[in-house]
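Hello,

Here is the structure I promised to pass on. Please open it first, then read my notes below.

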Amino acid sequence: MEIPYILSAIVFLPILAGAAMLFFPPERRQLIYRFALGTAALVFLLSLVVYIGFDINGEQYQFIEKYDWLPALGISYYVGVDGISAPLVLLTGVVIFTGVIISQRIEDRTREFFAFLFILASGVFGVFVALDMFALFFFYEIAVFPMYLLIAIWGWKQTREYAAMKLTLYLFIGSVIALVGALAMYFQSGLGTFDMVRLATEVSFPVEFQNLWFPFVFFGFAILGGIFPFHNWSPDGHVAAPTAVSMFHAGVLMKLGAFAALRVGIMLMPEGAATHMPWIILLTLVNVVYGAFIAMVQTDFKYMIGFSSVSHMGLVVMGFATLTRDGFVGASVQMVSHGVMTALFFAVVGMVYDQAHTREIPKLGGLVRIMPFAAVAFIIGGLVSMGMPGFSGFIAEFPIFMGVWRTYPWIAIIGVVSIVVTAAYILRAIGKVFFGDLPAELEGHMHDIKPSEKLALGILAVILVGIGLFPGVMVPMVESGVDAVLGLLGGA
């Protein structure tokens, strides 16, 4: 059963709540926090309603709302979800809720922090539900803009200004490049509309046009997805950001790039995708293997997770690059699995840093006795990262490698190296940070995490285990969206 206007409520509720919080007295930190938590909980529940209410046997796009925005230019407010975007809407709801839960320690300009975080959330939700290309770009820019302020103001003092500016420049340049390609499609189509459903079903762009403009759109968005060689903004952004923003950055924001590259690039220019994907998959191979090796040599706990994120996001784009059903299904599930996993990782790293005041792995140890719940949660995330059966990572990565094997077997063979390297650095981190002896300088300074923080970690861990043990809760929905995409790729 579809609930009217529920997608609009999900998109605009955070930004309205963020604006309302700016009128709260700044000294009422607990009131601001409770209001933010209540709003995040409501948005999470609404996203869960959309996920549960999606009919995998129904129309491709559901919960549709469409209103003319600038009809003279063919621009409309047109939103809806399919089997690929509905799980991403739920992912965003989960991450914003758990991110707010663990942000109770934010004391500097609390209301502004949550206001910008909620503006960011509105932009992300908007991209995932947009079916109008102009609206997608509009929400995309809304999602990118607050990241600069959230990192530059509340981030790690040593690198926050550098990381914030680097991230912003990379992403804005990428979005401008993608916009040029989108405008080329708008004028070439002759329909005078930004409606992506019509552009996908009613227009067949010339092959020469697609071959020329596909890289503009795909790479413009894939920069946000962290594709090599435009990935190096990502680890710096992860490390400099405050914990909740790192969770949102790695857990959701990078998925925006991969999703938009699929929605605007692959779905609207399938012949161009078929032409360029053989060399694009080589870049994703560098992502996957190089990212894993760089993560392995890190001594900073957060940088290790940052480069691990680059490696795992490479698997998403690699799955799309196969242009196969297995690859698409695996990549779509990987976006959710990786999103939840990195949110959990960065949450645990933030909890450790808040007490130890260091992220240097050699300076940590024995934390399983101090914060056992956080240790177990991190181990679950590690097993997901390694692609162990019974966890969501296996459900995502196995189809990706199946799709790669069917199209480029030698790339699959090389790519598997990343699984071994990932296991090495994850097990090393678990052993050094959580086991062994507690360093003398940390004696008396460490304590167990709060019950609210355990709740946040528990939610994330349950999702990772739940998808792994019961893939039917997500895979059939994703398959329904993938089958529609493959229909567009039939002529490619």
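How are α3 and α10 oriented to each other, roughly parallel or roughly antiparallel? They are roughly antiparallel (the term for angles over 145 degrees; under 35 would be roughly parallel).

First, the ground rules. This is a predicted model, where local features need pLDDT of at least 70, side-chain atom pairs count only at pLDDT 80 or more, and totals for chains, interfaces and linings use all residues. Residues are numbered from 1 along each chain as its sequence is written, and side-chain values use heavy atoms, with hydrogens and water left out.

Now the helix pair. Helix α3 covers residues 85–101 and helix α10 covers residues 243–266. (Helices are DSSP runs of H or I, at least four residues, numbered from the N terminus.) Their packing angle is about 165°, and their axes are 9 Å apart. (Axes are lines fitted to C-alpha atoms over the stretch in contact, and angles run from 0 to 180 degrees between N-to-C directions.) In α3, the residues that meet α10 include L88, L91 and V95. On the α10 side, M247, F248 and F259 are among them. Meeting here is contact, heavy atoms within 4.5 Å.

Next, I266. Leaving aside neighbours within four places in sequence, I266 is in contact with F214, F218, A261, A273, M277, F320, L323, F328 and L489.

Last, T275. This residue is found in helix α11 (residues 270–296). T275 counts as partly exposed, at 40% relative accessibility (between buried, under 20%, and exposed, over 50%, with a 1.4 Å probe and protein chains only). The C-alpha atoms of T275 and A178 are separated by 18 Å, and the two residues are 97 residues apart along the chain.

Best wishes

Technical notes: Helices (H or I, at least four residues) and strands (E, at least two) are DSSP runs, numbered from the N terminus. Angles under 35 degrees count as roughly parallel, over 145 as roughly antiparallel, 65 to 115 as roughly perpendicular and the rest as oblique.
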